[in-house]
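Here's a quick briefing to read alongside the coordinates. Have the viewer open and follow along.

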Amino acid sequence: MNRKSVVKGKIHYVGVNDRVKPLFEGLWPLPYGVSYNSYLIDDETIALVDTVDVCYFEIFLRKIKNIIGERPIQYLIINHMEPDHSGSIRLIKQHYPNIVIVGNKQTFGMIEGFYGVTGEQYLVKDGDYLALGHHKLRFYLTPMIHWPETMMTFDETEGILFSGDGFGSFGTLDGGFVDSCINTERHWDEMIRYYSNIVGKYGSAVQKALQKLNDLDVKMICSTHGPIWTGEHLKKVMRMTDRLSRYDADEGVVIVYGTMYGNTEQMAEAIAEELCAQGIKHIVMHNVNKSHSSYIISDIFRYRGLIIGAPTYSNQIYPEVESLLSKILVRDIKDRYLGYFGSFCWAGAAVKRMAEFAEKSRFEVVGDPVEMKQAMKEITYTQCENLGRAMADRLKKDRG
Ligand code: FEO
C-alpha cells in the first residue's frame with residue numbers, strides 16, 4: 001500500500017493532476033494546470049468520494065487499486081456532477097458493478113442523463129447519515145455552488161469536510177496534496193480567480209452553505225480542486241470565501257479599458273495617476289486586449305472601485321468591452337463604485353452604452369463620465385483627474 005496517499009488514518013487521496021487542458025470549462029486559462037481531487041475511505045465499508053475527469057481514469061483506477069487491491073468499493077459518493085468530477089462514473093460502475101451511488105434527488109437524474117448509469121442508489125436528504133464502520137458521514141445539501149445538485153459530505157469521525165468545488169482553486173498539486181507539505185503560494189490568487197469566475201454568481205447560495213457549516217468542527221477541508229486545507233490556512237480559506245460571497249472588497253480600483261491606438265489608454269493613465277496622487281495604492285490596470293477576462297473579473301471581486309473605458313467602434317461600444325460588461329452583469333456582482341469614460345472619432349456610442357450598463361449593474365456611479373473626441377486635450381486631462389479624484393474620495397469615505 002502506498003503510504004504517500006494517506007490524508008488521515010484510513011482516508012486516501014486518489015486525485016489526479018491535469019497539466020494538458022489549456023482552458024477549464026473551455027473558458028478559463030490554466031497557467032498552472034488544475035487537479036481533480038477524489039478521496040477513498042478504506043473503512044470496513046469502502047467509499048469513494050467523487051471521481052475525476054475521464055481522461056485520467058487509468059491513473060485514477062491504479063491509485064485506487066494500490067490502496068484496496070481487488071477488494072470492492074461499496075459506495076460512490078457524488079458531491080458534484082460537473083464532468084470534471086463525475087466523468088469517471090460510468091467506468092467506475094463497470095469496474096465495480098455492485099457499487100451503490102450516493103447522491104441527492106438532483107444527482108440521479110444527471111447521472112442517467114450524462115452517463116446512462118442506473119442501478120442501486122442511496123438517496124440522501126439534508127442532514128442524512130451513513131456509517132462506514134469507523135467513519136460516520138453526514139451529508140449537507142448545498143445547492144447552487146454552482147450547480148443545483150451540489151452537496152458536501154462531512155466525516156464526523158475525523159472532522160473532514162469533502163466540500164466539492166467549495167473552497168477549490170486552480171493549480172496542480174505538485175508532489176503532495178496537504179497544504180502543510182507544499183508551497184501554496186500560487187493557489188491563493190488562483191482560488192480567487194476560480195471562485196469569482198465559476199462560483200461568483202452564486203454568492204447567496206455560498207452564504208447559505210457557510211451558515212450550514214458554521215456549527216461543524218471542521219479540521220480539514222478536502223475540496224475537489226487544489227490543496228487540502230488545514231489549520232490557519234483553513235481559517236483563511238473560510239474567511240476568503242465568506243468575504244467573496246458577500247461581495248466584500250478591499251480599497252482599490254480596477255481600471256479596465258479597450259484601446260485601438262492608445263488614445264483611450266491615455267485617459268486611463270490620467271485617471272490612474274490622479275488616484276495614486278490621492279492616496280489610493282491598489283490600482284490594477286487591464287487592457288482588455290491583453291488581459292484574459294478571468295483575471296479582470298477576479299480583480300473586480302477583489303477591489304471596491306471599478307472604472308471602465310472604451311472607444312466607440314462601428315457606432316457601438318468597443319466589442320471586447322461589451323463582452324466584459326456582459327460577464328460582469330452575469331455574475332451579479334454587488335456593491336461596487338463605478339466610473340466610466342470613452343472616446344469616439346465622429347459620433348459617440350461607448351459612453352451611452354456604459355450609462356445603460358451602470359443602470360443595470362446597480363453600482364454606485366462616482367464622478368462624471370468623461371467622453372473624448374479623438375485625442376487628449378487640456379480639458380480631457382482635467383475631466384479624467386476629476387473622475388479619479390471622485391473615485392478616491394468615495395473610497396476614502398469608507399475608511400474607518
Ligand atoms: Fe470542478 Fe463544478 O466542477
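This is a predicted model: local features need pLDDT of at least 70, side-chain atom pairs count only at pLDDT 80 or more; totals for chains, interfaces and linings use all residues.

Residues are numbered from 1 along each chain as its sequence is written, and side-chain values use heavy atoms, with hydrogens and water left out. Helices (H or I, at least four residues) and strands (E, at least two) are DSSP runs, numbered from the N terminus.

- You'll find D50 in the loop between β8 (46–49) and α1 (57–68).
- D50 is buried but has no salt bridge, and the nearest side chain of opposite charge, K63, is 15 Å away.
- Here buried means under 20% relative accessible area, with exposed over 50% and partly exposed in between (1.4 Å probe, protein chains only).
- A salt bridge takes a side-chain nitrogen of Lys or Arg within 4 Å of a carboxyl oxygen of Asp or Glu; Lys and Arg count as positive, Asp and Glu as negative, and His and the chain ends are not counted.
- The D50 side chain does reach the backbone nitrogen of N79, at 2.9 Å.

**Aromatic pairs**
- The structure holds 16 aromatic pairs (Phe, Tyr and Trp rings, six-membered for Trp, with centres within 6.5 Å; planes under 30 degrees apart are stacked, over 60 edge-to-face, the rest tilted).
- F57 and F60 have ring centres 6.3 Å apart and planes at 70 degrees, so that pair is edge-to-face.
- Both F57 and F60 sit in helix α1, three residues apart, about one turn of the helix.
- F57 counts as buried at 7% relative accessibility, and F60 does at 0%.
- For Y247 and F301, the centres are 5.9 Å apart and the planes at 40 degrees, so this pair is tilted.
- That pair links distant parts of the chain, 54 residues apart: Y247 is in the loop between α7 (231–245) and β18 (250–257), and F301 is in helix α9 (residues 293–302).

**The open sheet**
- Six strands make an open, mixed sheet in the order β12-β13-β14-β15-β16-β17 (strands pair if DSSP finds at least two bridges between them).
- β12 (129–131) and β17 (229–230) are at the edges with a single partner strand each, so one side of each has no neighbour in the sheet.
- β12 pairs with β13 (residues 136–141) in the antiparallel sense over three bridges.

**F357 in its helix**
- F357 belongs to helix α11 (residues 350–361) and is buried, at 1% relative accessible area.
- F357 and L325 are 32 residues apart in sequence, yet 7.1 Å apart in space, C-alpha to C-alpha.

How values were computed. A polar contact is a pair of N or O atoms within 3.5 Å; within protein, one must be able to donate a hydrogen and the other to accept it, and residues adjacent in sequence count only if both atoms are side-chain atoms.
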